[in-house]
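Biologist: Could you walk me through this structure? I have not looked at it before.

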There are 2 protein chains.
Amino acid sequence: MRGWYFLRCNRLQWSKRRLQPLYQPTRGVAWKGRAQLSNVEKLVQDFRNEVARILHFEEAMYLMEWDLRTGAPKRGVPLRAEAIGTLSDEVFRAKTSPRMESYLNRLSDPDVFATLDSVTAGTVRELKRQFDRDKAIPADRKKAFVMLTSEAQSVWEEAKETSDFELFRPYLERIVDMQLEFIDYWGFENDPYDTLLHHFEPGLTVAELDPIFRNLRQETVRLLQDIVASGVRPEVGPLLQDFPIWQQRELSTELLLYMGFDFSAGRLDTTVHPFMSSINRYDARVTTMYVKNDLRSSVFSTIHEGGHALYEQGIADELIGTPLCTGTSMGMHESQSRFYENMIGRSMEFWETKYPSLLERFPTLSGMSLEAFYAAINEVQPSLVRIDADEVTYNLHIMIRYEIEKALINRSVKVAELPLVWGEKMQDYLGVVPPNDALGVLQDVHWSGGDFGYFPSYTLGNIYAAQIREALHRDIPDYMSEVLQGHLLGIKNWLNDKVHRFGKLLGPREILQQVTGQGIDSGALVRYLNDKYRPLYHI
Amino acid sequence: MRGWYFLRCNRLQWSKRRLQPLYQPTRGVAWKGRAQLSNVEKLVQDFRNEVARILHFEEAMYLMEWDLRTGAPKRGVPLRAEAIGTLSDEVFRAKTSPRMESYLNRLSDPDVFATLDSVTAGTVRELKRQFDRDKAIPADRKKAFVMLTSEAQSVWEEAKETSDFELFRPYLERIVDMQLEFIDYWGFENDPYDTLLHHFEPGLTVAELDPIFRNLRQETVRLLQDIVASGVRPEVGPLLQDFPIWQQRELSTELLLYMGFDFSAGRLDTTVHPFMSSINRYDARVTTMYVKNDLRSSVFSTIHEGGHALYEQGIADELIGTPLCTGTSMGMHESQSRFYENMIGRSMEFWETKYPSLLERFPTLSGMSLEAFYAAINEVQPSLVRIDADEVTYNLHIMIRYEIEKALINRSVKVAELPLVWGEKMQDYLGVVPPNDALGVLQDVHWSGGDFGYFPSYTLGNIYAAQIREALHRDIPDYMSEVLQGHLLGIKNWLNDKVHRFGKLLGPREILQQVTGQGIDSGALVRYLNDKYRPLYHI
């Protein structure tokens, strides 16, 4: 009977009931009365309140997008999209407003900055970085880019469906031109591509990345050739039987609990393209996809997204209400998901513990030995599509994209030549050639959205993961025996302590240096891959 | 593998992809280039864009609140509440901003107003009403009220738990005082309580409502006394067996489909206090509660909230993007939920159609005849708690609250006297007296939130529903035979056409006048109750 009451009235009451937080953004009396505050303290307080206000808008956007991908009624989507557009517009305006500019200028003053607590200082640094990047581009040019990429994405979708690169080519050419134009606005020291890398992996340069990737590529290609030559082919058939969705759902819940996921600060839902979204510090939402006749889909996307979620659930409370309250970089975030998905979730120890309960749930697997299961989930197979690639070949897909992006930005290759270049590199690295562009150069959405410099993050994630894994092994030599004992809290706590809690307060390199005592080095990943796959393939 | 990609990048791409809507709020070029627009057209366009922007923030709030009540992780709630607070703050600011004031003043100019299309004119009227109401109260007094009621609500919760009215009394006294203070700001013609009624039922006055309620009360009390005297007691036991939740869920879905609910523009979820929330015009979300050992809970809250949802799903597209795109008043909205819940959902015809499938789902009911089931779901029983009350006694609970509110506002009764007054009126109208204040004067949340003038809407809903039902009967004499034929589209389409589509473009009285040719009249409800319950109780 109280339905309408809740619909219309509690809405108002809600905001009333939350008065303190409601007014904090404008009044902000956190730790002492304004009267006793120094000017700097007042400035910091107003700044922090404005930042919190912006983050509240972002929280609303995140929830709206999560909702769109987990069951929002389809006829409501266009209106929802408009609402999201308005909020993102508001957020962009606020982050680039004269008011924000004045906050950042006053707080960046060396004398003032020196007096700031580390969280506020980090917040100023991060927002300044975003402000400078956004402001560097004239509004009309940014708008032109937004329009171009929004159109380019629909064109890309069509081009991919019809496998017609020519349709997409002119758009990609204009996107590359605008990337170069923007790079001029942003400026660069050595390689123009560095500027794009910085957006996703602060401080990373081509000069540093090239040798790292080259070593990894050579070693991976060698390993892959040996694997192919071995003639060993794991039997994956048993994983392609019927696995009731409700049982897969229960399994995904069991796996997240096993990893240490806190369900009172997150949830698990179903979607088409699995993702994790951290709505706020205590609301990390994992999504997964259940495929009736392929058990691997939900198991490994759940573990992967669960790894992202553990990162967000491990960030220190002190960072709440600041832009530092999230993973430090794309690469570091991916390192956590890959570590859990591949190095834990595809390890023998993990399934020595979990395989019995898997057999209980799915008697259809009873014919399959643990060893056969382990081999099947670690099948290595050169393939055409990145998102279907295994642990060994995945990085080769990334390098192809990285090298092509660099070549485009340095004008050493033309967009029109991409299908050809793509085929050649696929042949060189993976020994397979796409029969058409849909399965080749058109397979990824990234370029149509103008996200150049993003791809390397995926492989950096694998590299970081392997380096962090070796550090973990140094600190807790028998950490894998914990896996055997059926809980992963020691590993999670170690990662919380060494990686997660810092959020964006530390950059990815600082964290890597603290944890491993080294810089970025693909050696650990090469060792890991060889140690794991050579025995598996009897080579 | 693309998880993080979706988490961080598609977020940006989303807002890009939605450029047109994203920039409409600021650019707004809807039907012709600004160059060709007259000044008034430009003004209207900017106004409509600003309104749309505000409604987008509200859409975000609605979703956040729906999410809080349907499964948001509990540890994330405090942060979510802060975010909702910030958005509601923003909405309030925008609706009372100098910018909004200037729009409203310029568009309210008679010469300009006369040229406006009806939707824009209605939008101006509605926002002016809200603006005047909000602006009448000095900011510091409003803030004081918000703080008082937010505190009062937690105190009320404790007072209810411990059944300690004295604990709540001083807060209620201050709330009443502030209500009177606000009424002075708002002003009133005859009865100060009129001002409060207007907030929920525009144009309604005590002078008009008193005789309507008096007639209903006298007739209802007479009917109730006859029912009690009849000694007839339906057997409800069979409805209190075990009914598996998943089967109840399927039943709720079946019932909504049967009513004509559009699942492509809405959804059904689980909650503790059922409500319906219209996130946007094509996203109406019903929630219900499944009680394992009481089938009535989910069945009737689903039908009730479904009635609210059909209203929102029936509003004309032309009203999208305006504050007119929702039910015209609390009372009219409640009339739709009550019509479906009681007049359809508790009718013999409805279950003549649905009882067979109910028996299939729940063989435990097989011992119960259709007639016994019909009697059980229409059990009349004087009780202490409003939200548990049946169709006959419910309005008596409302009138007690209405009369007490009027007396408080007219200073003819003191807050301290309420427990006594409450007991007396319960004795007079229902013949039962609460053993304690928790089951008496402390049972409802409304007063602690300062929502005076709200309660009458519930009974107005029943009155409107009965009047609309007689009009429906005039237009489609055999509409109940449609129920027998197993679909309700004719009824839904008639309501869409006569009531729903107008949204707030017409006021509740205008709609009632159009549909019934009359004003508010409790005669129809009295006839309906007598015709239904006298035979049921053999009187």
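Modeller: Let us begin with Trp351(B) and Phe373(B), which are both buried, where buried means under 20% relative accessible area, exposed over 50% and partly exposed in between, with a 1.4 Å probe and protein chains only. This is a predicted model, in which local features need pLDDT of at least 70, side-chain atom pairs count only at pLDDT 80 or more, and totals for chains, interfaces and linings use all residues. Residues are numbered from 1 along each chain as its sequence is written, chains are lettered from A and ligands numbered from 1 in the order in which they are written, and side-chain values use heavy atoms, with hydrogens and water left out.

Biologist: How many aromatic pairs does the structure hold over all chains?

Modeller: Over all chains there are 39 aromatic pairs. Rings of Phe, Tyr and Trp (its six-membered ring) pair if their centres lie within 6.5 Å; planes under 30 degrees apart count as stacked, over 60 as edge-to-face and the rest as tilted. Phe339(A) and Tyr340(A) make an edge-to-face pair, with 5.4 Å centre to centre and 85° between the planes. Phe339(A) and Tyr340(A) are buried.

Biologist: And what is the geometry of Trp351(B) and Phe373(B)?

Modeller: Trp351(B) and Phe373(B) are also an aromatic pair, edge-to-face, at 4.9 Å centre to centre and 70° between the planes. The pair links distant parts of the chain, 22 residues apart: Trp351(B) belongs to helix H15 (residues 348-361) of chain B and Phe373(B) to helix H16 (residues 370-377) of chain B. Helices (H or I, at least four residues) and strands (E, at least two) are DSSP runs, numbered from the N terminus.

Biologist: Which ring does the charged end of Arg346(A) sit over?

Modeller: That of Phe300(A), 3.9 Å from its centre. The criterion is NZ of Lys or CZ of Arg within 6 Å of the ring centre and within 35 degrees of the ring normal. Arg401(B) lies over the face of Phe455(B), at 5.6 Å from the ring centre.

Biologist: Changing topic: why is strand S3 of chain B largely enclosed?

Modeller: Six of the six residues of strand S3 (residues 283-288) of chain B are buried, so the rest of the structure largely encloses it. On one side are Asp283(B), Arg285(B) and Thr287(B), and on the other Ala284(B), Val286(B) and Thr288(B), all buried.

Biologist: What does strand S1 of chain B pair with?

Modeller: Strand S1 (residues 266-270) of chain B pairs with S3(B) in the parallel sense over five bridges; pairing requires that DSSP finds at least two bridges between the strands. Gly266(B) stands opposite Ala284(B) in S3(B).
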